[in-house]
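Welcome! Let us take a walk through this structure together, one step at a time.

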Amino acid sequence: MTQPASPPMNIAFFASSLVSAYWNGAATYYRGIVRALHARGHRVRFYEPDAFGRQQHRDIDDPPWAEVIVYPGEGDANARRMVEHARGADLVVKASGVGVFDELLEEAVLDLRGPNTRVVFWDVDAPATLDRLAADFADPFHALVPRYDMVLTYGGGDPVVEAYRRFGARDCVPIYNALDPDTHHPVEADPRFAADLGFLGNRLPDREARVDAFFLRAAGLLPERRFLLGGSGWDDKALPANVRNVGHVYTADHNAFNRSPMAVLNVSRDSMARYGFSPATRVFEAAGSAACLITDAWEGIELFLEPGREVLVARNGEEVAAHVERLDPVRARRIGEAAYRRVLAEHTYAHRAAQLEALLEGRDAARAVEVAA
């Protein structure tokens, strides 16, 4: 166990799900953060509702590194009971996008604040939250933002930080996605996922048009190449003949999905691309698998991976197709291995946990990350 640089904390975490990635794109992020906090001596209770079929589609058992508390997804009294159960924690986290009880929890957890309890809002989709606040000045969350001790975000960089501060946040700090090397790592190629280019992501309203533009457009331009589509919701989507849809891919198969095609594609959602500085979980999953990654262009990519050497960047489907045409297995492997070395050195969840500790203790976060490395 890594020794913490601060006293061990009891942490109460209210979020969508730790044990199921089903319609839950933040699962890998939560697992990485929570496992790394446990490794540094902290105790986490993770409160998640039984909603959206996630408990019926679990992809991990309750882990030894967190206490998972599942509560009914209906009835406000159940959610309020969970908030009361968390009383006395050193740190209370309300994550965005629980999916049920969000407004109730956003307000209720603030009642837990006290001399020995800090409460933070952890936004795993800051662009969506900020767009919602900007569009509706009557949104009750406006009055709550200044009451949180801190706002943490899944990404967004300076544009998100500045926006949250305009809405009254005491402080706002990005805790970026990262790699959990115990979960995502290089494996042998799997014939089930053989292709020239793979894309893994659920079908979402503010992603679909960009998948059309970057992935399906490239497939249409390269009819002789093999394309692989994974994720939920694509079954009734019209696809080119050279695109094979494998449906939902469980977390246990993500390494093989990333490692088996010659390259894999990351396509940011509209809102994430607009704010920039928002590397998706898939970016680090792919790099951790030593996959050759092609990503859509977004501001800040060079902070995480070096374009041309550790990642390939495309502004449209034509550029995706051009990258695929120029790639060969040797070059693809070289790019993937360079990305793998970079994320291990700078972008693991151990680095992110050290950053969080430093923020809470008022220490220098950059120095804490160096120590974690």
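**A guided walk**

C292 is buried, with a relative accessible area of 3%; buried means under 20% relative accessible area, exposed over 50% and partly exposed in between, with a 1.4 Å probe and protein chains only. C172 is buried too, at a relative accessible area of 3%. A disulfide is a pair of cysteine sulfur atoms within 2.5 Å, and by this rule the count comes to zero.

A word on the background: this is a predicted model, in which local features need pLDDT of at least 70, side-chain atom pairs count only at pLDDT 80 or more, and totals for chains, interfaces and linings use all residues. Residues are numbered from 1 along each chain as its sequence is written, and side-chain values use heavy atoms, leaving out hydrogens and water.

Now let us turn to strand β5, residues 118-123. Helices (H or I, at least four residues) and strands (E, at least two) are DSSP runs, numbered from the N terminus. Five of the six residues of β5 are buried, so the strand is largely enclosed by the rest of the structure. Two strands pair if DSSP finds at least two bridges between them. Strand β4 (residues 91-95) runs parallel to β5 and is joined to it by five bridges, with V92 opposite V119. Between these two strands the chain passes through helix α3 (residues 102-108), and this β-α-β crossover is right-handed: with the strands pointing away from the viewer, the path from the first strand over the helix to the second runs clockwise. Strand β6 (residues 150-153) is also parallel to β5, through four bridges, and there T153 is the bridge partner of D123.

Which residues touch the most other members of the largest nonpolar core? They are F14, L105 and Y164, in a core of 39 residues. Such a core is a set of buried Ala, Val, Leu, Ile, Met, Phe, Trp, Tyr and Cys residues joined through side-chain atoms within 4.5 Å. Elements giving two or more residues to this core include α3, β5 and α6 (157-166), and α6 provides the largest share, four residues. Leaving aside neighbours within four places in sequence, Y164 is in contact (heavy atoms within 4.5 Å) with residues including F121, D123, T153 and C172.

Finally, look at the aromatic cluster formed by F13, Y29, Y30, F46, W122, Y154 and Y349. Within it, Y29 is buried at 1% relative accessibility, and Y30 is likewise buried at 1%.

Key. Phe/Tyr/Trp six-rings, centres within 6.5 Å; stacked < 30°, edge-to-face > 60°.
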